[in-house]
Amino acid sequence: MKQATIFSLSMFLLFWSTTLAISPAPAAAPKAPAAKTPHTPKAAAPSPKPLVPTLPQSPDSPDSVPDDITRILKKAKMFSTLIRLLKTTEIINNVNSQLITAKTGGITILAPDDSAFSNLKAGFLNSLNEGQKIELVQFHILPEYVSSSNFDSLSNPVQTVAGKDPVRLPLNVNALGNSVNISTGVVNATILGVVYSDNKLGIYHVDKVLLPLDFFATSKAPALAPSSLAKPP
């Protein structure tokens, strides 16, 4: 009886160990899918910046109508002398009429501020005859609209309302980076910013009065007040 019990226990242990040996190993837990890196859209290329910055005090607003240049200049509060010249020469009437009737083209005005006029030699404006005053104002007006980012496309010498004469009336524009410089053969000026701009009229603030070269055909002395770098005669 005792041997039978031992034999039965031995067979049970053998069967149990065999069952463990042939039982399949538990399946490995499925791997979690790898987290996808979120797609980062490429930043859009920045739009080209205008060559000429817009002035903080620019009166470019709905109540500034493009057919009233005087109102636009008055709102900027720095072009009193230019406004007076536009009125006394009656050029303002022609310019406003052209803006109203012109279907294409447009106008660009290079506007010196009052400080630029005050830097002229004392009495210079009063020394000009009526024809010269008209030419001076016309020399600051281009018979086409030039956007703030399009000055580098102009061909030198640039034509003004005063005419296109490389000997008498040279006006050369050099646009580099965000700087636009203007040379007349007498002065070198810089465009400081946009006063007003739409698709028909552009008004740009310049730091000097653009003096035509033919004003000084018989005189080498420029009509500018002496600067700190110039020695008095």
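**Salt bridges**

Trainee: Which residue forms a salt bridge with E135?
Mentor: A salt bridge is a side-chain nitrogen of Lys or Arg within 4 Å of a carboxyl oxygen of Asp or Glu. Here the closest N and O atoms are 3.6 Å apart. The partner of E135 is R168.

Trainee: How many residues apart are E135 and R168?
Mentor: Helices (DSSP H or I, at least four residues) and strands (E, at least two) are numbered from the N terminus. E135 sits in helix α7, residues 130-138. R168 is in the loop between β2 (141-142) and β3 (172-176). The pair links distant parts of the chain, at a separation of 33 residues.

Trainee: What kind of model is this, and which pLDDT do side-chain atom pairs need?
Mentor: pLDDT is the predictor's confidence in each residue, from 0 to 100. Residues are numbered from 1 along each chain as its sequence is written, and side-chain values use heavy atoms, with hydrogens and water left out. The model is predicted: totals for chains, interfaces and linings use all residues, local features need pLDDT of at least 70, and side-chain atom pairs count only at pLDDT 80 or more.

Trainee: Is E135 buried or exposed?
Mentor: Buried means under 20% relative accessible area, exposed over 50%, partly exposed in between (1.4 Å probe, protein chains only). R168, at 35%, is partly exposed. E135 has a relative accessible area of 15%, so E135 is buried.

Trainee: Which residues are linked in a network of salt bridges?
Mentor: R168 also bridges to D165, with the closest N and O atoms 3.8 Å apart. The side chain of R168 meets that of D214 as well, at 2.8 Å from N to O. D214 lies in the segment after β6 (201-206), so its pairing with R168 ties together parts 46 residues apart in sequence. The network is made up of E135, D165, R168 and D214.

**Strand β1**

Trainee: How many residues of strand β1 are buried?
Mentor: β1 spans residues 107-112. I107, I109 and A111 point one way, while T108, L110 and P112 point the other way. In a regular strand the side chains alternate between the two faces of the sheet. β1 is largely enclosed by the rest of the structure, because the buried count is 6 of 6.

Trainee: In which sense do β1 and β6 pair?
Mentor: Two strands pair if DSSP finds at least two bridges between them. β1 and β6 have 6 bridges. P112 has V206 as its bridge partner in β6. The sense is parallel.

Trainee: Which residue in β2 stands opposite T108?
Mentor: β1 and β2 run antiparallel and are joined by 2 bridges. Opposite T108 stands L142.

**Cores and fold**

Trainee: Which residues touch the most other members of the largest nonpolar core?
Mentor: A nonpolar core is a set of buried Ala, Val, Leu, Ile, Met, Phe, Trp, Tyr and Cys residues joined through side-chain atoms within 4.5 Å. The largest has 35 residues. The residues asked for are I69, L73, L201 and I203.

Trainee: How many residues are in another core, apart from it?
Mentor: Among its members are V146, V158, I182 and V206. In soluble globular proteins, nonpolar side chains tend to be buried together. The size of this other core is 19 residues.

Trainee: Which pattern does the chain follow along the sequence?
Mentor: The chain has 7 helices and 6 strands. Buried residues make up 36% of its 233 residues. The pattern reads α-α-α-α-β-α-α-α-β-β-β-β-β.

**Confidence**

Trainee: What is the mean pLDDT of the chain?
Mentor: Of the residues, 64% reach 70 or more. The mean is 78.

Trainee: How many contacts beyond near neighbours in sequence does the stretch 60-65 have?
Mentor: Contact means heavy atoms within 4.5 Å. The pLDDT over residues 60-65 is below 50. Where pLDDT is low, the predicted coordinates should not be read in detail. With that caution, the number in the model is 13.
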